[in-house]
Amino acid sequence: MPEIALAARDGHRVPPADADSAARAALSIRGLTVSYGEKPAVFSVDADFPAAAMSAIVGPNGAGKSTMLKAVLGMVPRLSGTVSVFGAPIEGMRRRLAYVPQRASVDWDFPATVRDVVLMGLYPQLGLIGRIGGAHSARAEACLARVGMADFGHRQIGQLSGGQQQRVFLARALAQEAELYLLDEPFAGVDAATERAIIEVLKDLRAAGKSVIAVHHDLATVRSYFDHVFLINVRPVAQGPVATAFTSETLHATYGGRLAATHLDELALAAI
């Protein structure tokens, strides 16, 4: 795959130049289209997200970022397209994935404790009749400690702050011991301390050879948080290493008049 792939101005997608890119990628998408009624929410997306890296999915509100992630996971139906994980169809690779949803999509009144939520991450490994043993409980406690929530295990999830809730769902993902982590706006509505704690955990995952892909809304932190970026506004706009793909040109193509030209230059060129 080239260092930067920029969509054609007429909207036609640009196919990856390297035929082996899908096999090398942590997540590879080909021809993905999702529609709500007659209006496409995501149209003809090709994307490759590198392994052992942190990747951001960036675009304006309504651009299809979360829809794309949900379609990858099968949470919303695809009109077309294929998805592979580490070179194999996603259907057979789900145990190698962990997903952190948007906080707004979670029923926080559900009668579950923090510890219960983290243990839910182990259910795919336990099966329908599997029992939670001491090793599983120890893993859950270790994951809570890793996100700074060790003292909250018996608290009902609805009693937590937004930042604490997000930490708990990250702990649930960590408990799965996955190879690919998909996060939908993990920093939305959290306090600065939680954001720092989450990004440090994600960077530790990358250092351990894991792959992280996050829908991200804060353009000011793209350069400091991520290695790779995928820009989308219903159609794919650009993708590649942050150093070459996150530019004033690609930001303008993605956001149009929603961002002032001076702000575009600051975001793309400033050393953050």
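**View 1. Buried residues of helix α7.** In this predicted model, Thr194, Glu195, Ile198, Ile199, Val201, Leu202 and Leu205 of α7 are buried (under 20% relative accessible area; exposed is over 50%; 1.4 Å probe, protein chains only). Seen down the axis of α7, these residues fall within an arc of 160°, so they line one face of the helix. The arc is taken from the directions of the C-beta atoms from the helix axis. Arg196 and Ala207 are exposed, on the face turned away from the buried side.

**View 2. Span and ends of α7.** Helix α7 covers residues 192-207, 16 residues in total. Helices are DSSP runs of H or I, at least four residues; strands are E runs of at least two. From first C-alpha to last, α7 reaches 23 Å, close to the 22 Å expected at 1.5 Å a residue, with the expected span being 1.5 Å times one less than the number of residues. At the start, a side-chain oxygen of Asp191 comes within 3.2 Å of the backbone nitrogen of Ala193. Just after α7, Gly209 has a positive phi of about 90°.

**View 3. Packing around α7.** The buried residues of α7 pack against β4 (54-58), α5 (134-146), α6 (162-175), β8 (180-184), β9 and α8.

**View 4. Thr221 in its loop.** Thr221 sits between β9 (211-215) and α8 (222-225). Its relative accessible area is 12%, so Thr221 is buried. Beyond neighbours within four places in sequence, Thr221 is in contact (heavy atoms within 4.5 Å) with Glu195, His216 and Phe226.

**Notes.** Local features need pLDDT of at least 70, side-chain atom pairs count only at pLDDT 80 or more, and totals for chains, interfaces and linings use all residues. Residues are numbered from 1 along each chain as its sequence is written, and side-chain values use heavy atoms, leaving out hydrogens and water.

Note on methods. Polar contact = N/O pair within 3.5 Å; in protein donor to acceptor, adjacent residues only side chain to side chain.
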